[in-house]
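Hello,

Here is the structure for your files. My notes on it follow below.

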Amino acid sequence: MRKPFIGGNWKMNTDSKIAVELARGVAQKCQQFLSKVDVSVCPPFVYLSAVKNALGSSNVGLGAQDVYFESKGAFTGEISCQMLKDVGCKNVLIGHSERRHVIKETDELINKKLIAAIEAGLLPIFCVGELLEQRKAGKTEQVVKEQIQKGMAGITVEKAKVVTIAYEPVWAIGTGVNATPGQAQEVHLMIRQLFAAMYNKSFAEQLRIQYGGSAKADNAAELMAQADVDGLLVGGASLKADEFAAMIKAAAEAKK
Ligand code: PEP
């Protein structure tokens, strides 16, 4: 049985006061579900330490929204895996669609980041997903497969075990239009089968696959009810502690 995993991606939102209040709210409202659900929040880099403090002794994990693959040196503006670990990060988002499509990150760069994060002992959430025109052209499977094959290139089964996949159709992110539970399930199953083929069946059965894209309290239960949806990566709705906690509760109940 895969333990559900809910991540909150705060993106470029909050300020120091709001970030701390939100973290305290999440820690307090989610505590009762943490034996059944893994939870991590990913604030902007500059608030990681403050959020870590605010999470206190709760078991809500801390994650970063990105990382660079080099360990140190002349890479102005970048943040290393070691720095993330130093401030208490457990998880890191890699390959988020906004980094792929706005910042123009390539599959090759994403692969280097994944390798560096795993080597450093971080637990990556590796994001994949198709654009609307790719879905309309019937290319969802091809696009997602290619992103996974290129992203995971050279990563052995032992190392791949720390990775969570987030399937996030780009057309559903921040749009208010979520994939239907059936659409999510179809792609999640395809991803699981791909991992079985790339690695092995028992590893694929353990792999956690989150859905992301306009997930909210209203649709969390039906998304989590799908057999291959093991969690959610939540943007907008993770900025409200009550709503985020409601989603965590829905995840706990869906996988009883
Ligand atoms: C995300 O940022 O990963 C995301 C899924 O955003 P939203 O929930 O706002 O669509």
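Which backbone nitrogen does the side chain of glutamine 147 reach? The backbone nitrogen of glycine 129, at 2.8 Å. That is a polar contact: a pair of N or O atoms within 3.5 Å, where within protein one must be able to donate a hydrogen and the other to accept it, and residues adjacent in sequence count only if both atoms are side-chain atoms.

First, the ground rules. This is a predicted model, in which local features need pLDDT of at least 70 and side-chain atom pairs count only at pLDDT 80 or more, while totals for chains, interfaces and linings use all residues. Residues are numbered from 1 along each chain as its sequence is written, and side-chain values use heavy atoms, with hydrogens and water left out.

**Glutamine 147**

Glutamine 147 sits in helix α7, residues 140–151. Helices (H or I, at least four residues) and strands (E, at least two) are DSSP runs, numbered from the N terminus. Glutamine 147 has a relative accessible area of 7%, so it counts as buried. Buried means under 20%, exposed over 50%, and partly exposed in between (1.4 Å probe, protein chains only). Setting aside neighbours within four places in sequence, glutamine 147 is in contact (heavy atoms within 4.5 Å) with Arg100, Asp107, Phe126, Val128 and Gly129.

**The ligand site**

The ligand is surrounded by 14 residues. Near here means that a heavy atom of the residue lies within 4 Å. The closest are Lys11, Glu168, Gly174, Ser214 and Gly235. By type, the shell holds four nonpolar, eight polar and two charged residues. Ala, Val, Leu, Ile, Met, Phe, Trp, Tyr, Cys and Pro count as nonpolar, Asp, Glu, Lys and Arg as charged, and the others, Gly among them, as polar.

- Glutamate 168: a side-chain N or O atom is 2.6 Å from a ligand oxygen.
- Glycine 174: a polar backbone atom is 2.6 Å from a ligand oxygen.
- Serine 214: a backbone N or O atom is 2.8 Å from a ligand oxygen.

On its own the ligand has 290 Å² of accessible area, and the protein covers 95% of it. Areas are Shrake-Rupley values with a 1.4 Å probe; for residues, only the protein chains shown count as cover.

**The loop between β1 and α1**

Lysine 11 lies in the loop between β1 (5–9) and α1 (16–30). Threonine 14 is in the loop between β1 and α1 too. Most residues other than glycine have a negative phi. Lysine 11 has a positive phi, near 50°. Threonine 14 has a positive phi of about 80°. Lysine 11 is buried, at 18% relative accessibility. Threonine 14, at 24%, is partly exposed.

Best wishes
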